[in-house]
Amino acid sequence: MVSPETKKTFKAGEVIMSQGDQGESAYIIEDGTVEIIIEKSDGSEQSVGTRGPGTMIGEMAIVDNAPRTATVKAVRDCTLLEITKEDFSRRLEAADPVLRMTTQVILTRYRDMLTRADISNINNNWPPAETLELVYADETDAVETIKMANEFKTSLEKNEINLHYQPIVNFQSGKISGFEALMRWEHPVMGFVSPDIFIPVIEDSGLIVEASKWALREACNSLKRIESQTGHDRELHMSVNFSSTDFSSENFVETVYNIISESDVSPNQIHLEITERLLMQQPDNARETLLMCQKAGLGISIDDFGTGYSSLSYLHYFPIDTLKIDRSFIMNMHKDEGSMELVKSIIALGKNLKMAIVAEGVEEKEEAKLLRELGCDLAQGYFYAKPMAEKDLIQTMRDWETVEF
Ligand code: C2E
Ligand code: CA
Ligand code: CA
C-alpha cells in the first residue's frame, strides 16, 4: 500500500503538472477527473483525453528523465496518490524476481518506444506535440509493421519485388551517364506499396540486408544487359541505395564486392548511395567501410544532401565522389532565396572538393536550365525521365536524343 502522507489533493481547475517541467513522481487517481493537454510548438493547446479513478498519470517520470510531455489539470476536485521515483525503485528492488525482470524488460522497451517517438519528431520543435498519441499508436503500428515485413519476405521469395531505373543525365553532353536503381513492390492483394512505406519497415526488421543484396545483384545483371543491348560497353554507371543496417551487417564490403565480381561489371560502374544521416550516426565505422569500398573501386554518393543536420566540415573525413542535392531544394529554388543559395553553395563546394554534383527531382525545363548555368554536373528527375522497367529503359536509351536547352 502507498503510505497516507503521499496523498495529494487538487481543486477543480488546478494544474497538477506542467509540460516541460522536470517530473519526479507519477500519480494514481484515487478520486476525481483530470484532463491531459498538450501544448503544440505553435502555442496552441490540444486536449488528448481525460483520466479518472484507478488510472495513472505522469508515469513517464518514473520511466525516464525527460521533461513532462503534457500538462495535467484537475477537471473536478481530485485526490491523488503520489509515487516518487525512489519509491518506485525501492518497490521494484523488493519485488519478486520474476516480476522485477518482467517490469524491467517492459520498461526498457517502453523507453525505446519513447525514444523512437522523439526521433520521428526531431524536425518539429520540442516538445513533440503528439508524443503521447504516437506512443499509443506505436503499439498497433508494431503489429502492422511485423505483418508487412512478413509479406515482404514472401514477396522477395516469390519474385514480386522489382527494380526500376531512373536515368541520370549529364548536363554538358545531354547524354545519359547512368541510372539509379529503385525498388518496386507490387503486392498481389495490397497493390503497389511505396518504398517510402516499406523501406523503413524492412530496415527495422533487418530484412533490408537480404533485399539490398538482391537489389545489387539484380542491378548489376541489368546494367550488363542494358549495355550490351544499347552498345555502351562499360560506359554507364548504376547507383544502388544502401541503409545503415546494411553498413553494420557482417562482411558488408566483401559481400558487395563478390556480387559485383560475379556479374562482370567493373566496380567503378557501381555507386553506393547512402544518406548523410548514416554517416553521422556512426562516423568512424562508416569511414572505415567507405575507405574499403573506395579501395575496391566503388563510387560513393551522398543522397538527399543538405537535409542532414551535420556541419560541412565532415565531408573531408569521408571518401565521397558525388553529392546528390535533395529534391526539396531544387523544387524551391525559384520560390525561396535560401534554397537557391544552398544549391549554389553545394555546387561550389563540389567543385572545391572535386566531387560530382547531381541535382535530384528536376521537374521543370527552367530548373534544368538554371542548374546547368550554375555549373551542376548531372541531373535526375521527371523532366528527363521517370524511373522505369529495364525493357522500357532500353527503348528510351535507343530513342534518346541529347537534351537541348
Ligand atoms: P531516393 O533515394 O531519394 O530516390 C529518389 C526518389 O525520388 C524516388 O522515389 C524517385 O522516384 C523520386 N523522384 C525522382 N525524380 C523525381 C521528380 O522529378 N519529382 C519527384 N516528385 N520525385 C522524383 P521512390 O522510388 O518512391 O523511392 C523513395 C525512397 O525510397 C528513395 O528515395 C530511397 O530512399 C528509398 N528506396 C527506394 N529504393 C530503395 C532501395 O533499393 N534500397 C533502399 N535502401 N532504399 C530505397
Ligand atoms: Ca537514392
Ligand atoms: Ca535522394
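Me: How are the donor residues of the calcium ion (ligand 3) spaced in sequence?

Reply: Donors are N, O and S atoms within 2.8 Å of the metal (3.2 Å for Na, K and Ca), and water is not among the atoms, so sites may look incomplete. Here the spacing for the calcium ion (ligand 3) is D-D-x55-E. This is a predicted model, in which local features need pLDDT of at least 70 and side-chain atom pairs count only at pLDDT 80 or more, while totals for chains, interfaces and linings use all residues. Residues are numbered from 1 along each chain as its sequence is written, chains are lettered from A and ligands numbered from 1 in the order in which they are written, and side-chain values use heavy atoms, with hydrogens and water left out.

Me: Which protein donors does the calcium ion (ligand 3) have?

Reply: They are D303 (OD), D304 (OD), E360 (OE) and E360 (OE), at 2.2 to 2.5 Å from the ion. D303 also coordinates the calcium ion (ligand 2), which lies 4.1 Å from the calcium ion (ligand 3).

Me: Is D303 buried or exposed?

Reply: Buried means under 20% relative accessible area, exposed over 50%, and partly exposed in between (1.4 Å probe, protein chains only). D303 has 8%, so it is buried. D304 has 26% and therefore counts as partly exposed.

Me: Where is Q380?

Reply: Helices (H or I, at least four residues) and strands (E, at least two) are DSSP runs, numbered from the N terminus. Q380 is in the loop between β17 (378-379) and α13 (390-399). Its relative accessibility is 3%, so Q380 counts as buried.

Me: How many aromatic pairs does the structure hold?

Reply: Rings of Phe, Tyr and Trp (its six-membered ring) pair if their centres lie within 6.5 Å; planes under 30 degrees apart count as stacked, over 60 as edge-to-face and the rest as tilted. The structure holds seven such pairs. The ring centres of F247 and F252 are 5.0 Å apart with planes at 40 degrees, so this pair is tilted. F383 and Y384 form an edge-to-face pair, with 4.9 Å between centres and 75 degrees between planes.

Me: Which ring does the charged end of R287 sit over?

Reply: A charge sits over a ring if NZ of Lys or CZ of Arg is within 6 Å of the ring centre and within 35 degrees of the ring normal. For R287 the ring is that of Y317, with its centre 4.7 Å away. The charged end of K386 sits over the ring of Y382, 4.6 Å from the ring centre.
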